[in-house]
Amino acid sequence: MSGQIIIAKLKPYLKLLPVLFVVVFLFGGGLVLGLVRSLGYQPLLGKTHLTLKFYSQVLKNPDFLVNFKYTLFIASISTLLSTIIGVLLAMLLVVKAREWQNLRLLYKLPMMVPHMVAAFMITDFLNQGGLIARLLFHLGLIERMEQFPILVYDRYGLGIILVYLWKEIPFITLMVFSVMEKINTHFWDAAANLGASSIQIWTKIILPLSWPSIISAAIIVFAFTFGAFEIPYLVGSIYPTTLSVWAFKSHINADLYRRPESLAISMIIAFISMISVWIYLKFSNAYLDEKILHQNRQNQEGGRGC
């Protein structure tokens, strides 16, 4: 009997073995190998002594601070704008649930397009020789196509941010809308009957209940945009550049002795992404603990009232 109980308890974990294999051995193994190589372990080059000098070289490099600020700026702005617009769109979808049935399908379309394809689309549309610049030129709104503002390959990362917005707004909308639409309508009715306005219902009830999904979606977007490579590589400027592109350029350098330096940059990116996940876990656990404590207090007060 006890054996059957143990098997029953282990059954869910056994079903997860294929996924755990991929995560632990492929992702985890690559992460460990990258960490070891970033410490200077290159047996083919006769380098077997582990050292932190490559991390020191990266952190002391003046380009690190420039590229770090550039990466942080792009990730922060992309996350902030995507979150604000995505939440507002989710709210509109909830309010206009019946009228906007078709939009509930259309807004998901950008999620089906690979990021690399999205980068080429933005380039074709917003480049100084792109479709929009040509259209404005033929309409006589600009005298030369060079007068069209530089939106891609610019040093401010506008093209990168535009691609991220086009891709990540639907993602955040989906995450938040899926939570908002499942909130019990009795909350709306009860608040309205007590005299609450529409703004108060949203700010006091709906948004607080949706807050965990908003935070989780925003952190996922930030971690992705901070470490993404293909969009900054295809749409970004030569200098400054994101940390991922800087790591790639360092990695393809003909000097193999610089290879640990590129891996050190990659490990820094991974470390910052892990910090983002840790912040999310701390926030979600604190939020759940607060909700459980609040619920227990309500139950205790209800028991005393009886």
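## Two roughly parallel helices

Helices α7 and α8 run roughly parallel to each other, because angles under 35 degrees count as such and theirs is about 15 degrees. In this predicted model, α7 spans residues 115-126 and α8 spans residues 131-138, and their axes sit 4 Å apart.

Which residues make the contact between α7 and α8? From α7 come D124, F125 and L126, while α8 brings L131, I132 and A133.

## The chain as a whole

Of its 306 residues, 35% are buried. Among contacts with a separation of 6 or more, 71% join residues 24 or more positions apart.

## Annotated transmembrane regions

An unreviewed UniProt entry carries the annotation "transmembrane region" for residues 12-36, 70-95, 116-137, 157-180, 201-225 and 260-281. Residues 70-95 are 100% helix and 0% strand, with end C-alpha atoms 38 Å apart. Residues 260-281 are likewise 100% helix and 0% strand, and their end C-alpha atoms are separated by 31 Å.

## One face of α3

Helix α3 covers residues 53-60, and its buried residues include F54, Y55 and V58. Why do the buried residues line one face of the helix? Viewed down the axis of α3, they fall within an arc of 100 degrees, so they share one face. As a rule, an α-helix has 3.6 residues a turn, so residues three or four places apart point the same way.

Note on methods. Residues numbered from 1 in each chain as written. Predicted model: local features only at pLDDT ≥ 70, side-chain atom pairs only at ≥ 80, totals over all residues. Heavy atoms only, no water. Axes fitted to C-alpha atoms, helices over the stretch in contact; angles between N-to-C directions. Parallel < 35°, antiparallel > 145°, perpendicular 65-115°, else oblique. Contact = heavy atoms within 4.5 Å. UniProt positions renumbered as here; feature names shortened; annotations may be inferred. Buried < 20%, exposed > 50% of the residue type's maximum accessible area, 1.4 Å probe, protein only. Arc of directions from axis to C-beta.
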